[in-house]
Amino acid sequence: MNRHFELAPFNAGETITSHASRLAAASGYESANAYARAFGFSFGGLAMGKTTDILSFAQAVDRHVDLFEDGIVRSDNKVHIMRGERLSSGQVDRKRLRFCSLCLAEDEKSGAGRRGFRAFGRLLWQVIAVRACPCHNVALNTFGAFGAPPDYDFSAMLRAYSGAVERTNLFSMPPDPLQTYVVKRLCREPHDRIWLDEMSMHDAIALTEIVGAISRHGVQKDVSLLDGIELSRCAAQGFEILRRGEQAFRDFVFSLLHSEAGAGGSTWGGGRLGQLNSLLYFSVDDFEGIVRGIIRDAGGNAMLAAGWRPPPSSVASIAAEHDVDAVRLRGLLADAGVIERRHSPIVPRLIAIDDSLGAIFAAELKKTCNRPEARKHLGASSAVFDGLAMHYDLQAQPWAITDRPQRYTRSRFLTVEIERISADLQAAITTESAAQQWMEIEEVARFAESTVEEVLLLLLGGNLLSVACKAEGPARFQDIRLDPDDVLRQLSLMSRGALSLAAVAKKISASEKSVEVLIARKMIRSLRKGSARTASFERVVQRREVARFDECFATLKRLASIYRKPPSTVRRRLVAQGAEPAMVIEGVLFYRRHDISF
């Protein structure tokens, strides 16, 4: 048992970075980074919510990691997860010092721990929608340059601005209804169930503030120009509208349409409804599930009221006939140029299309999917999907199924191949529950100082003994948890008996430099062999990987060796056959074997 907690005990509502920062200051360290280095973890990793650094910090202070769970922010610089709630980088302020001076004074007066190091940073202060202190009804103060590099060292920032903190002016400001709702939801306090509860925290805040700003200032107003007090008023008005439910939001959208129609404005494009559509599209993550249908209904009803009638054959009717998603079909038609891109926000039932052409695109939609759809189905990040494409040798299917002069070609993937990956992932799961120290795929790759491709090779090859899925239903890569010790052990076994780059170059009759280029292009998969302790690594290649490449490609020198002819003779015969090199790397000619017929 150490004495860390006697110096600065962890407080309810405190962030884990604030606690580490206070411990560093109370222990005499110049900064939290220096303190972290001394105890074997990264303070930046702690601020980003990395599991390895959190476990190392908990071990350093001799406390169970569960004690800090409510104070952890898991972040990738774009998305921040606080107590299970998702917020975007624009909705949190973790780079500057946000505080209530009255709370800090009370901490020093009646808090526990060494005097001078009792003031602590609250998790709620990092949420921009929390603009006032709910205990003292005063506006929060903010110090620091906006856009400065992240620091997270609360005590160090407090020391840096100590004089200014003591001279801060207090402004009376009661919490607005949106802030009260956000605080109760983050603190898991009981509250009346409303429509906003069905959304992520990010979408609930974004939609409320935008609706309130439009209600007070109109669609044309730049919300970023509003100050904190006016934003609080907008949030209050937006919450008053949305707390009454989805129908109230529909009424709000229709009121915009009616006011524009009365002014002789247009329904879409530069009109208010079109501007609202564009504004919410870039602000609300679940735009499809929350907003899009309501806005389209408003636009569609306006067209019907003007005397327009749905065509006998529409995108919606063809989608229903062929059992495909109408929204995806409309997107495919817009991608191919069959319908104009500016018409894509219109509801599918209002878009006319020829039956035979619609049937062709519906068949394409069943057979293939684009990259975002494939990633969504698999629950794979961009890095994981790239690794899967390499592991399964996924070939994008280019298509151009319209005879228009301006053809649109986009890479799509076969649905059967995506389903096969899902089945392989499901088969790789070995246990129902994951231990606390188990990690996500990309996190365990960083921990093992390996690559995502190598971890996927172990996972989908059935080599790992400890694989769990944290969510029910079909397995998705984002829900997979792996034992890092198991991955390290299997990586070590895989590297045994592997060939060095020099040995690979000799085996395929190429230069070592060309082998490095092939690895960089991901045409040959490699592993890292060595010791993390001595930081000594080398790239190696498994024998079966060399055999796989050798089955597809052969160098001119390799062909000369196989056919026992001089390279010049082999070259002349290849030219006579019309066989051209598939690639030339560092002066080495590589041919596809199926192009050669000696």
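A residue is called buried here when its relative accessible area is under 20%, exposed when that area is over 50%, and partly exposed in between (1.4 Å probe, protein chains only). The model on screen is predicted, and for that reason local features need pLDDT of at least 70 and side-chain atom pairs count only at pLDDT 80 or more, whereas totals for chains, interfaces and linings use all residues. Residues are numbered from 1 along each chain as its sequence is written, and side-chain values use heavy atoms, with hydrogens and water left out.

Begin with the whole protein in view. Its secondary structure comes to 28 helices and 18 strands, where helices (H or I, at least four residues) and strands (E, at least two) are DSSP runs numbered from the N terminus. Of the 598 residues, 47% count as buried. Among contacts (heavy atoms within 4.5 Å) between residues at least 6 apart in sequence, 64% join residues at least 24 apart. The protein exposes about 29,500 Å², of which carbon and sulfur atoms supply 50%; accessible areas come from the Shrake-Rupley method with a 1.4 Å probe, and for residues only the protein chains shown count as cover.

Next, turn to the charged side chains. Side chains of opposite charge can pair when their charged atoms come close. A salt bridge is taken as a side-chain nitrogen of Lys or Arg within 4 Å of a carboxyl oxygen of Asp or Glu, and a search of the whole structure finds 23 of them.

Select Arg481 and Glu440, whose side chains meet in a salt bridge at 3.4 Å, N to O. Arg481 lies in strand E12 (residues 480–482) and Glu440 in the loop between helix H20 (415–428) and helix H21 (441–447), so the pair ties together parts that are 41 residues apart in sequence. Arg481 is buried, with a relative accessible area of 12%, while Glu440, at 38%, is partly exposed.

Now select Arg371 and Asp386, which form a salt bridge through their side chains at 3.0 Å, N to O. This pair links distant parts of the chain, with Arg371 in helix H18 (residues 371–378) and Asp386 in helix H19 (residues 382–391), 15 residues apart. Arg371 is partly exposed at 29% relative accessible area, and Asp386 is partly exposed at 32%.

Move on to Asp550 and Arg558, where a salt bridge joins the side chains at 3.0 Å, N to O. Asp550 counts as buried at 17% relative accessibility, whereas Arg558 is partly exposed at 22%.
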